[in-house]
Amino acid sequence: MRASRIAITLSLALLASAASAQTAAPTRDDIVGKLNHFEQAGEVDLPALKQQVMERAKARIKNDPGPVNRPLIAPDLASLPAFNAQIQFDADTPIIQPASYQTVGRIADALVHSSLLPYTFLIVGHVESNSKTREANAILSQRRADAIRDVLVNTFKISTKRLHPIGLGEEQFLDRAKPTSAANGQLQILTYAKLPEEAPAHPASAPAPAAKKPAKKR
């Protein structure tokens with residue numbers, strides 16, 4: 001009987017440890033390791049993609065294949081280095097819950113790591129399939145991506161030039177087989193492109209010496 005109790009206690013301890021590992025905030029090195037494999041800049045027109053997301057989310061398509069078979073709206077994003085973050089927001093809002101502040105801080109720490117300083121990043125918002133309209137979820141995902149960008153810029157002083165928020169709503173599920181899965185509500189950080197190199201500042205050229213007036217003849 002005692003051995004049985006010990007086995008149950010050990011099983012519960014292992015389950016608690018596994019649950020704790022799943023909810024623990026990622027380390028800076030975890031995030032850097034996911035993002036520092038940049039090879040080629042993303043071929044994505046972000047303003048056009050934002051418009052396309054809203055147009056598709058608003059459309060009433062008779063032959064919509066449904067969330068499981070809906071084609072990805074930006075498949076090229078899948079080729080970029082990505083870190084998927086489980087950021088908790090208040091329901092139907094872009095307000096970040098305190099439990100996720102540490103994860104956002106670790107993302108900021110990663111973005112100023114020496115290996116990532118030369119790059120720009122996409123902040124991609126997603127929403128799992130739910131009772132809301134696709135249009136509402138597209139808007140919410142954009143507001144949440146904007147909220148993460150604002151915290152990184154205003155609190156952690158990451159250059160706004162390095163961050164590009166984009167909300168994809170239900171238009172690009174991370175787990176297409178399970179549209180209602182919480183995994184589809186994750187926020188992604190994607191390494192997008194190299195920062196353009198700034199031209200070195202040239203010192204102002206010295207003014208040309210004034211021409212001497214010819215001497216008057218006596």
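Modeller: This is a predicted model. Lys157 has a relative accessible area of 65% and is called exposed.

Biologist: Why is Lys157 called exposed?

Modeller: Exposed means over 50% relative accessible area. Lys157 has 65%, so it is exposed. Lys157 is found in the loop between α5 (134–154) and β3 (163–169), and its phi is near 60 degrees, a positive value in a residue other than glycine.

Biologist: Why is Asp92 called partly exposed?

Modeller: The value for Asp92 is 45%.

Biologist: What makes Phe89 buried?

Modeller: Buried means under 20%. Phe89 has a relative accessible area of 11%, so it is buried. Phe89 is in the loop between β1 (82–85) and α4 (101–111). Leaving aside neighbours within four places in sequence, Phe89 contacts residues including Ile96, Arg144 and Ile148.

Biologist: Why is strand β4 called largely enclosed by the rest of the structure?

Modeller: Seven of the eight residues of β4 (residues 187–194) are buried, so the strand is largely enclosed.

Biologist: How do you know that β1 and β4 pair?

Modeller: Pairing needs at least two bridges. Four bridges join β1 to β4, so they pair, and they run antiparallel. Ala82 stands opposite Leu190 in β4.

Biologist: What makes β2 a partner of β4?

Modeller: Six bridges join β2 (residues 119–126) to β4, also antiparallel. At least two are needed, so these strands pair. Val124 has Gln188 in β4 as its bridge partner.

Methods. Residues numbered from 1 in each chain as written. Predicted model: local features only at pLDDT ≥ 70, side-chain atom pairs only at ≥ 80, totals over all residues. Heavy atoms only, no water. Buried < 20%, exposed > 50% of the residue type's maximum accessible area, 1.4 Å probe, protein only. Contact = heavy atoms within 4.5 Å.
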